Amino acid sequence: MFKNLIGGEWVEGASVSRNINPSDTRDVVGEYAQADAAQARAAIAAAQAAAPAWGLSTPQQRFDILDAAGSEILARKAELGDLLAREEGKTLPEAVGEVVRAGNIFKFFAGEALRASGDVVASVRPGVGVEVTREPVGVVGLITPWNFPIAIPAWKLAPALAFGNSVVLKPADLVPGSAWALADILHRAGLPAGVFNLVMGRGSVVGQAMLDDARVNAISFTGSVQTGRQVAAACVARLAKFQLEMGGKNPFIVLDDADLGVAVNCAVNSGFFSTGQRCTASSRVIVTEGIHDKFVAAMVEKMKSIKVDDARKAGTDIGPVVDEKQLAQDLEYVAIGKAEGARLAAGGEALGRNSEGAPGYYMTPALFTDTTPGMRINQEEIFGPVVSVIRAKDYDEALALANDTPFGLASGIATTSLKHATHFKRHAQAGMTMVNLPTAGVDYHVPFGGRKGSSYGPREQGRYAAEFFTTVKTSYTQA
């Protein structure tokens, strides 16, 4: 059994959860400890006890540990990628790529520990010196989702530790394996006891304990809008710092002047890869009239060659949906789209088994056409391989449709027009814009985050991560 890490010790949970492979539901990845509220509080106490010394640790100490962790992650990319694909269901190449990203994130923030800086400014008063510095927030609670089992924990953990915070991590129930492997790597890299604590368990138990505990100074959360609102309310009630990354209903615009091949590849990658289970996935493709019919025909033809199979099998393009509940939700939205009058141009069927006959949560990617903006499939986040096409008269209407949702995470466009690309980057109401690129796929060293209902608080990743994981101090000295 894989145990929780509390105060530098591996601890059995109050119960045990079985980690199931969605590509073959007969395959148990492992049994993982499930903490109760008392164990969550013990982890918080350990983090609180470790926070003062770690907050005053040297940049070199933090660099050495984070750099060592990053090096091990990269060295074990094939092994860890296989584990990730096995427990979450994204294809093996995608899983290995995610592991590499996690390793690079640790390497980047190892450097940030050394690059931490402040300002010395002149006071308006004679003989007074002013220094502006950054200090750690203290105890940080991290609540991470199942769709990026190692990358998202990494991009929260690495800056939290680099800037001197102690951490309690609660990973998603569905994918404890990758988080446990990351905890094991960090533990062996030399983190002092209590600086990092892994508490696997139910969000309603472990997550709630973190939200309610005054010893947790900040919460960084990635997940659903509904849960994000609960996190915000709990943190506001006790004036804790919080950061939210939530939903998306990301648009991808295809203009008449677009390269058709580029547009189709971007739409397929954005909408269907990782089984559509990415917050940056494009589930709405807005296509102008002149290219609409050609684009739909090319999409349908492209989808015929997409191979849905075991995530770890060579040649698989799309693996299974993460679990039975998510599969049921995806299929329900396919039924909703049909009932709303949209035309199912391709896919949308449950498969049940892979090419070897193993039971799994498989479905063919679905493409809807003849949709209208107000349909539920165009307004609600499905989080599966379901894409709808909306016809637009011209660029202006396409942009208006792209911005017409409560979300604003990512937004993309396919065009050869510099004029339209430039206008789009300025006027798309999203935290990230992509031109002739899939909306899903971002660099690890630059800010990640959105607007409107997609995000709240400072950006994640890159140098901007310091905004959340540190607090600013202004010091005055009379000479």
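**Exercise 1.** Is F383 buried or exposed, and what is the relative accessible area?

*Solution.* This is a predicted model, in which local features need pLDDT of at least 70, side-chain atom pairs count only at pLDDT 80 or more, and totals for chains, interfaces and linings use all residues. Residues are numbered from 1 along each chain as its sequence is written, and side-chain values use heavy atoms, with hydrogens and water left out. Buried means under 20% relative accessible area, exposed over 50% and partly exposed in between (1.4 Å probe, protein chains only). The relative accessible area of F383 is 18%, so F383 is buried.

**Exercise 2.** Classify the ring pair of W146 and F383.

*Solution.* Step 1: rings of Phe, Tyr and Trp (its six-membered ring) pair if their centres lie within 6.5 Å; planes under 30 degrees apart are stacked, over 60 edge-to-face, and the rest tilted.

Step 1: for W146 and F383 the centres are 5.5 Å apart and the planes form an angle of 85°, an edge-to-face pair.

Step 2: W146 lies in the loop between β7 (139-143) and α5 (151-162), and F383 in the loop between α12 (376-379) and β16 (386-392), so the pair ties together parts 237 residues apart in sequence. Helices (H or I, at least four residues) and strands (E, at least two) are DSSP runs, numbered from the N terminus.

Step 3: W146 has 17% relative accessibility and therefore counts as buried.

**Exercise 3.** Classify the ring pair of W155 and F448.

*Solution.* The centres of W155 and F448 are 5.1 Å apart with 45° between the planes, a tilted pair. W155 is in helix α5 and F448 in the loop between β19 (432-435) and β20 (451-452), 293 residues apart.
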